[in-house]
Amino acid sequence: MSKIPYIGEVNGIKTLFVDDRPFFVRGGELHNSSSSSLEYMEEKVWPMLRGLNMNTVVLPVAWENIEPTEGGFDFSLVDGLLDQARREGMKLVILWFGLWKNSESNYVPMWVKRNYETYWRAENAKGDKLNIISPFCKAAVEKDALAFGKLLEHLKDVDSEDNTVIFLQVENEIGVLHSERDFSAGAESLFQSAVPEDIKTLFDGDERFPANMDGQSWPEVFGENACEMFMCWGYANAVETIVQSGQRQYKLPMYANAWLEQHPWRPGTYPCGGPIAKMHKIWKHCAPSLFTFGPDIYVPYTADVMDEYAAPDNPLFVPEVRKDPGAVSYLLYAFGHNNAIGVSPFGVEDINADPATLKKPPFFVMMALNIDPAAMDCSATAPYLSAVYGFIREMEPLLLEYRGTAHMKSFVKHNAVDDGIMLSFEKYDIVVNYGRTEEKKPVASGIIYELAPDRFLMTGMNYTFTIYPKMGDRSEVVIGEAREGRLEQGRFVSGRILNGDERMDINLGDMPGAVSVEVYTI
Ligand code: N0T
């Protein structure tokens with residue numbers, strides 16, 4: 001048996017290890033229904049993924065796929081997906097669509113759907129049943145946990161030699177939609193009961209809440225935050241039960257993903273109770289077996305979300321992000337700035353598909369997300385995604401060596417009016433000038449390595465740069481030698497020496513590239 005994938009550290013930075021070596025996930029997530037059919041995968045998915053320089057496919061395995069009748073487990077679909085992935089040389093991140101998928105309970109088996117008395121639903125304030133099994137329904141959580149345990153037991157049997165599955169997502173975009181919380185009788189009695197000791201201790205000293213919480217209920221203690229905190233507590237406890245059941249069988253790393261807190265910003269308009277950034281404290285406390293909470297990013301302020309979710313105790317994994325050419329730039333930034341475990345554009349099989357066959361996202365979704373429809377167009381993405389993923393692969397040794405040091409700095413153009421950044425290094429300051437944002441092109445982004453005080457490696461796309469002395473230093477900085485080139489397993493392979501006219505106009509173009517620069521002062 002080879003070593004099971006795990007989250008370890010390199011230079012103090014949380015890193016995924018597969019086969020005991022650091023592994024950067026260059027992923028893509030499939031549409032929800034693709035992996036429910038092996039034939040569909042063969043015809044419409046795998047051929048579309050070739051040539052993109054991906055190393056990982058993120059795909060759903062649903063409870064209804066593996067336990068069609070109660071206690072009757074069938075892993076033929078899972079086995080088929082594993083075989084196909086191995087043949088394609090891809091790793092898998094499995095999305096466990098159990099009790100909850102985008103809030104609702106649509107992926108539970110029919111025998112669970114029909115038995116709404118045992119597996120009771122959450123309710124809105126008016127007492128209408130929602131299509132969401134309540135996280136406070138112990139019977140349902142136990143059944144999900146049992147099925148998930150069986151899945152992990154099976155993976156241990158069939159995959160512990162190959163490590164095809166590198167980690168799993170548990171449920172999908174959890175939380176109550178269309179209601180600010182679960183008002184069912186089962187939830188209500190807990191909501192009105194005293195806040196549990198551990199939660200009181202967790203928020204001890206938080207000035208938003210009363211100093212003495214003894215014997216007080218959720219609304220008494222947490223006021224207008226009560227609904228969301230209460231639902232987080234309910235969901236996170238349920239998820240921890242499910243995760244533990246799986247990890248008892250086979251201890252693969254696991255995470256949960258979040259539908260962001262976004263327009264129109266009220267809990268219930270986005271799923272209430274999910275692991276959004278401001279709820280990480282309670283989620284981390286109640287679901288400590290998860291290694292991270294990943295953001296699903298469709299909003300235009302992509303880099304801000306990455307920055308918000310990346311934290312020392314929350315290594316960045318982006319399970320879903322837009323896949324237009326502009327968004328490709330953020331993938332480089334995620335590794336360069338946020339030390340990401342991995343990234344994964346959503347619906348990645350569309351990238352190589354005939355654009356005429358693709359469904360457009362509904363207009364109201366685009367409106368709600370404040371996204372220009374052009375920004376969702378992925379018809380021009382393939383060459384850029386392929387190049388950026390190839391580039392990241394060849395950069396891995398540099399990332400591993402320089403991450404966490406002051407000798408590596410990464411940037412991305414945050415929005416159309418963002419025109420650059422000044423980066424401070426030991427002997428020089430470098431001003432990066434971002435290129436214009438153009439439709440169907442990557443936006444400016446890059447990583448600059450300070451290889452020695454006088455030597456820099458500029459990588460990325462769509463920018464120019466000026467190297468200045470430190471403020472107050474009156475010397476003149478001159479580029480002594482500039483070379484264009486490419487990266488190969490962490491080494492710079494030189495192409496032309498850029499002198500003469502070319503030296504006056506050094507820039508990084510639309511495709512990710514590398515320029516090495518040595519300066520001197522006069
Ligand atoms: C995502 C994806 C998939 C009115 C949507 C995004 C995926 C799920 N949800 O294509 O269904 O499985 O995780 C939610 C963002 C919606 C904003 C709508 C505003």
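Reply: This is a predicted model. Ring pairs join F136, F191, F203, F209, W218, F222, F230 and W233 into a cluster.

Me: Which rings have the charged end of R181 over them?

Reply: One is the ring of F191, where the charged end of R181 lies 3.7 Å from the centre. F191 also belongs to the cluster. The charged end of R181 sits over the ring of F183 as well, 4.0 Å from its centre.

Me: How many aromatic pairs does the structure hold?

Reply: There are 30 aromatic pairs in the structure.

Me: Why is the pair of W63 and W111 edge-to-face?

Reply: Planes over 60 degrees apart count as edge-to-face. The planes of W63 and W111 stand at 90°, so this pair is edge-to-face; the ring centres are 6.0 Å apart. The pair connects distant parts of the chain, with W63 in helix α2 (residues 63-66) and W111 in helix α4 (residues 110-114), 48 residues apart.

Me: Is W111 buried or exposed?

Reply: Buried means under 20% relative accessible area. W111 has 16%, so it is buried. W63 is buried too, at 0%.

Me: What is the geometry of the pair F425 and F456?

Reply: F425 and F456 form an edge-to-face pair, with 5.3 Å from centre to centre and 65° between the planes. This pair also links distant parts of the chain, 31 residues apart: F425 is in the loop between β16 (420-424) and β17 (428-434), and F456 is in strand β19 (residues 455-461). Both F425 and F456 are buried.

Note on methods. Residues numbered from 1 in each chain as written. Predicted model: local features only at pLDDT ≥ 70, side-chain atom pairs only at ≥ 80, totals over all residues. Heavy atoms only, no water. Phe/Tyr/Trp six-rings, centres within 6.5 Å; stacked < 30°, edge-to-face > 60°. Helix = DSSP H or I, 4+ residues; strand = E, 2+ residues; numbered from the N terminus. Buried < 20%, exposed > 50% of the residue type's maximum accessible area, 1.4 Å probe, protein only. Lys NZ or Arg CZ within 6 Å of the ring centre and 35° of its normal.
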